[in-house]
Amino acid sequence: MRLSLALAMSLVASSAASDFLLQVPVACSVGADCHIQNYFDHLPSEAAQDYRCGALSYDGHKGTDFALPTLAEMRAGVDVLAAAPGVVRGVRDGMADVRHAPENAAAIAKRECGNGVVIAHEDGWETQYCHMRQGTVRVSSGERVPAGAVLGKVGLSGKTQFPHLHLSVRKDGRPVDPFVPGGPMDCTAPTDDLWAGTLDYQAGGLLSVGFSDEIPDYAVVLDGTAARTDLSTRAPALVLFGLAFGGRAGDVMRLEVSGPQGMIFVQDVILEKTQAQVYRASGRRLTESQWQSGTYTGTVDLLRHGMSISRKTISIRIGTE
Ligand SMILES: [Zn+2]
């Protein structure tokens, strides 16, 4: 009896530092069909640095941004989930899903979070969810919610330029980075983060790849509607494109296309600067009378120091057989 009590006591003591745990607040697989675009900024200067000393942050960013690859996934609908059990302390809905630009800054002044929810948890913890899709917030103030409760959907409201959920975590009103709740980052993977599961750091990766018969406009790529599902044998060009996040100066985006008769092209595009999101495309014009019908495969790699850190492959049918 005494032994089991002592054992129970020591278990409580050892877990006390991490009693408050967070579940992933989006209903998507982070690292597969959604990604973390920005982490908490740990630098007091105008520069920004995430907890792994990478550039996936921006000055003054006191939250974690769970992003969808394109607007297409936002339209399809991805749920925002309560990260922990608690009581809803505030909600806002009704703001439009509009990509932020200087001309609409006045319209969202003091409402940069957009449509959102605030939840109070035990022991002075609080979470806030921002940029939700207009008309989807489905909880109300005073409501008690379990972890994983659907709060609404990922959107583009407030001060944001891409569809994502911004999650703020606070303890007694103070912003906390859930990846390093104990203090400043030291560039390594922490052992005491607030996540109930494992949330690996992804230092960039491919978001979407596709074929087209022309170089698609960037806006159409971000919309998620640039990829063609089939092409005619008389298509004027065969273009492969890739959209990636976390691109660094010196990275290479390798675009490779093969068809029924083998390799058509491999193009290495060197990224000249570090950019939150990177779009590149490469193609070949039709030089014969027509493309041979059959299946064509495109592979896009994001290479860092010569190693692939992310790869996506796609196939397209040309002509009919
Ligand atoms: Zn954010």
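Here is a tour that starts at the metal and then moves on to the pockets and the cavity.

A word on the ground rules: this is a predicted model, in which local features need pLDDT of at least 70 and side-chain atom pairs count only at pLDDT 80 or more, while totals for chains, interfaces and linings use all residues. Residues are numbered from 1 along each chain as its sequence is written, and side-chain values use heavy atoms, with hydrogens and water left out.

Let's begin with the zinc ion. His61 (through NE2), Asp65 (through two OD contacts) and His166 (through ND1) coordinate the zinc ion at 2.0 to 2.8 Å. Donors here are N, O and S atoms within 2.8 Å of the metal (3.2 Å for Na, K and Ca), and since water is not among the atoms, sites may look incomplete. Along the chain, the donors follow the spacing H-x3-D-x100-H. His61 and Asp65 are both buried, meaning under 20% relative accessible area with a 1.4 Å probe, protein chains only.

On a 1 Å grid over the protein atoms alone, a pocket is an open set of points with protein on both sides within 12 Å along at least five of seven lines, a cavity is a set where a 1.4 Å probe fits but cannot get out, and lining residues have an atom within 4 Å of a point.

Asp65 turns up again in the largest pocket: among its 40 lining residues, Asn38, Tyr58, Asp65, Gln161 and Phe162 lie nearest the centre. That pocket holds about 800 Å³ of space, a volume being the space filled by probe spheres set on the points. Its lining draws at least three residues from each of domain 1 (21-175) and domain 2 (205-318), with bounds that come from an automatic or database domain assignment.

The second largest pocket has a volume of about 250 Å³. Of its 15 lining residues, Gln261, Ile264, Glu288, Trp291 and Tyr296 lie nearest the centre.

Finally, the structure holds one cavity of 30 Å³ or more. The largest cavity comes to about 40 Å³, and Phe162 is one of its lining residues, along with others including Pro69, Arg99 and Gln277.

Key: Buried < 20%, exposed > 50% of the residue type's maximum accessible area, 1.4 Å probe, protein only.
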